[in-house]
Structure formats: structure tokens, C-alpha cells
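Work through these exercises with the sequence and the 3D view side by side. Try each task before you read its solution.

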Amino acid sequence: LTAEVKDHDAQLEQLTQQLAPDLVQAHGMGAGTAAEMLLLIGDNRERVRSAAAFAKLCGACPIPASSGKTNRHRLNRGGNRQANAALYRVVIVRMRAHQPTLDYVKRRTAEGKTKLEIIRCLKRFVAREIFGYLCRGPKTTRPKQTAAWPL
């Protein structure tokens, strides 16, 4: 089974590298995350018209949770849960080893933000970045399928 899992992982890595090479190369992204985002987008990349729509699809859009004098947002519990989990994994990897993200976390912590609020903001940023790679990047061309029967 271990050999079979390694073989499937290698195939997944090869396919994601073909479909979204820039996405796989981004910090914290792997073949699994790229595959999850490709599944979310599907074949019709034009249906997601903005980064905000993509974030809503991933469940990374902010939801106002203000009351009285406080002005804050909370995590969205909707959207595609697998895509949201993939965003979370990318954020956690970046919070451990990506210097610009570490600087951002330090700055936002100094502003008084909680860890959950910082993660919410970073998930939205990563969703915006993935949207740029998948929906604005060069479109991959697929070979035309031929009909199985004569028309």
C-alpha cells in the first residue's frame, strides 16, 4: 500500500504541475492543496469572476460580527470545507516559515489582533493569491474530445 500511495502522490504532483505550475511553486502550497483548489474551480474558470467570489466559495470571506462600539469580523463557516481546510494548512505553514507572513503576524499582534483574527485575514490573502494563479493566469488548453459515435 505504501508503494501505491507514493505512486498516486507522484501522479497527483505531475498533474497539478501541468495544470497550475505557478500555484504549486508558491510557498506553503503542495500538490494536495493545488489539487483541492483545482477541484474547487473546475473546468470553468470564468465562472468565478472576482477574488471576493473565490474567497466566498472557499469560506474565507469575512462575516461582520460587530455589536455596539466594537468593529470586528469572524470566520465564515460556509463554503467548501475542504478548500477552507487547505487554506488553513497553507496559512499555518506560512506562519511557521515564511518571513513576510511572520512579519505580518508580529505587526497585527502588536495592533491587538487575536491569532484567530490573524488567521482569518491570512486565509483571505491566500485565497486572493490562489485566485490570481488559477483564474487570471494563462489558461491551460485541453485536447478536444472526439465523439465516440459518428454524427
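**Exercise 1. Find the annotated domain and describe its fold.**

Step 1. The UniProt record, an unreviewed entry, places "domain: Transposase IS116/IS110/IS902 C-terminal" at residues 25-103. UniProt positions are in the numbering used here, feature names are shortened, and annotations may be inferred rather than shown by experiment.

Step 2. Know your model. It is predicted: local features need pLDDT of at least 70, side-chain atom pairs count only at pLDDT 80 or more, and totals for chains, interfaces and linings use all residues. Residues are numbered from 1 along each chain as its sequence is written, and side-chain values use heavy atoms, with hydrogens and water left out.

Step 3. Residues 25-103 are 53% helix and 5% strand. Their end C-alpha atoms lie 21 Å apart. Helices (H or I, at least four residues) and strands (E, at least two) are DSSP runs, numbered from the N terminus.

**Exercise 2. List the elements of the whole protein.**

Step 1. Count them: 7 helices and 2 strands.

Step 2. The C-alpha trace spans about 70 × 40 × 30 Å along its principal axes.

Step 3. Of the 151 residues, 36% count as buried. Buried means under 20% relative accessible area, exposed over 50%, and partly exposed in between (1.4 Å probe, protein chains only).

**Exercise 3. Which residues of helix α4 are buried, and why are they on the same side?**

Step 1. Helix α4 covers residues 51-58, and its buried residues are Ala51, Phe54, Ala55 and Cys58.

Step 2. These residues share one side of α4, because they cover an arc of only 100 degrees around the axis. The arc is that of the directions from the helix axis to the C-beta atoms.

Step 3. Recall the general rule. An α-helix has 3.6 residues a turn, so residues three or four places apart point the same way.

Step 4. Look for the cover. It includes α3 (31-41), α5 (81-97) and α7 (115-134).

Step 5. Go just past α4. There Gly59 takes a positive phi of about 80 degrees.

**Exercise 4. Is Val93 buried or partly exposed?**

Step 1. Locate Val93: helix α5.

Step 2. Val93 counts as partly exposed, because its relative accessibility is 39%.

Step 3. Set aside neighbours within four places in sequence. Val93 is then in contact (heavy atoms within 4.5 Å) with Gly28 and His98.

Step 4. Turn to Asp43. Val93 and Asp43 are 50 residues apart in sequence and 28 Å apart in space, C-alpha to C-alpha.
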